[in-house]
Amino acid sequence: MFDLPDEVQAQIRKELQAGESLRWAARPHPKFFTEASKYDLFYAIPMVAFMGFWVFSQLNAGFTNGAGVFALLGVPPLLFGLWKLITPLFNYFRMRKTVYAVTNFRAMIFAPTLRSFYLEDLEVITRKAYRNGRGDIFFAYEVKQDRHGTHSIGKGFENIEKPHEVEALLRKIEKTRHSIPSRKSFND
């Protein structure tokens, strides 16, 4: 069927509804830096550098005159920044377990729980191609706001082979939207 292990194909088939057929399924190629993590790294690197400097300079001053208390105040932001720095490593291992699928009714992301995007949930389908032939297909967006402004984070299939073919498949299925059952009919 698709170049996936049998247990993964069985997991996908188990989730299919009546009348639903699998059109495409694949795993992403794992990568450390995703669309979502690049904003975290933007502020995590200077935060860790500054807070690391702060904590160690205060500890070197010793515990006289309350310098140790000032060192302790820097520990929570330092730990938070370190967490944001190692997030790409967790993303890499998450992507190794992720499976993407497209049926005649929806797009599915198994990461490790199922997240379905029915055709009425698809916003604007966009493709981001890379020079190595891989790319991303985004079809839902999450808006994040921070002190640097508002950022739109794409949700969809990341770092897949032949993204132009998957985009064409999604657009072809989207054209048949009026003849496809909605999410409500699946949940009834």
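**Briefing: fold, helix packing and selected residues**

Thr103 sits in strand S2, which spans residues 99–103. The model is a predicted one: local features need pLDDT of at least 70, side-chain atom pairs count only at pLDDT 80 or more, and totals for chains, interfaces and linings use all residues. Residues are numbered from 1 along each chain as its sequence is written, and side-chain values use heavy atoms, with hydrogens and water left out. The protein has 6 helices and 7 strands. Helices (H or I, at least four residues) and strands (E, at least two) are DSSP runs, numbered from the N terminus.

**Overall architecture**

- The order of elements from the N terminus is α-β-α-α-α-β-β-β-β-β-β-α-α.
- The protein has 188 residues, and 39% of them count as buried. Buried means under 20% relative accessible area, exposed over 50%, and partly exposed in between, with a 1.4 Å probe and protein chains only.
- Take the contacts between residues at least 6 apart in sequence: 59% of them join residues at least 24 apart. Contact means heavy atoms within 4.5 Å.

**Packing of H2 and H4**

- Two packed helices are described by the angle between their axes and the distance between the axes.
- Helix H2 covers residues 37–60 and helix H4 covers residues 75–97; they pack at an angle of about 140°, with axes 8 Å apart. Axes are lines fitted to C-alpha atoms, for helices over the stretch in contact, and angles run from 0 to 180 degrees between N-to-C directions.
- H2 and H4 cross in a left-handed sense. A crossing is left-handed if the near helix is turned anticlockwise from the far one by less than a right angle, and right-handed if clockwise.
- On the H2 side, the contact residues include Leu41, Ala44, Ile45, Val48, Met51 and Val55. On the H4 side, they include Leu78, Gly81, Leu82, Leu85 and Pro88.
- By class, this contact of H2 with H4 holds 15 nonpolar, 4 polar and 2 charged residues. Ala, Val, Leu, Ile, Met, Phe, Trp, Tyr, Cys and Pro count as nonpolar, Asp, Glu, Lys and Arg as charged, and the others, Gly among them, as polar.
- Lys84 belongs to helix H4. Its relative accessible area is 16%, so Lys84 is buried. Beyond four places in sequence, Lys84 touches Asp40, Leu41, Tyr43 and Ala44.

- Thr103 counts as buried because its relative accessibility is 0%.
- A polar atom of the Thr103 side chain lies 3.1 Å from the backbone nitrogen of Phe105.
- Not counting residues up to four places away in sequence, Thr103 touches Leu16, Glu20, Ser21, Leu22, Arg23, Met108 and Ile173.
- Ile12 is placed in helix H1, residues 6–15. Ile12 counts as buried because its relative accessibility is 1%.
- The C-alpha atoms of Ile12 and Phe110 are 8.6 Å apart, while the two residues are 98 apart in sequence.
- With residues up to four places away left out, Ile12 touches Leu4, Leu22, Ala25, Val99, Ala101, Met108 and Phe110.

- Ser152 lies in strand S7. Its relative accessible area of 42% makes Ser152 partly exposed.
- Ser152 and Glu142 are 10 residues apart along the chain, with C-alpha atoms separated by 5.7 Å. Ser152 touches Tyr141 and Glu142, not counting residues up to four places away in sequence.
- Asn159 also lies in S7, which runs over residues 149–161. Asn159 counts as buried, at 6% relative accessibility. Its phi is near 55°, a positive value in a residue other than glycine.
- Lys162 is in the loop between S7 and helix H5 (163–175). Phi of Lys162 is near 50°, again positive in a residue other than glycine. Lys162 is partly exposed, with a relative accessible area of 45%.
- Val166 is found in helix H5. At 2% relative accessibility, Val166 is buried.
- Val166 and Asp136 are 30 residues apart along the chain, and 9.7 Å separates their C-alpha atoms.
- Leaving aside neighbours within four places in sequence, Val166 is in contact with Trp24, Ile137, Phe157, Ile160 and Glu161.

Technical notes: Polar contact = N/O pair within 3.5 Å; in protein donor to acceptor, adjacent residues only side chain to side chain.
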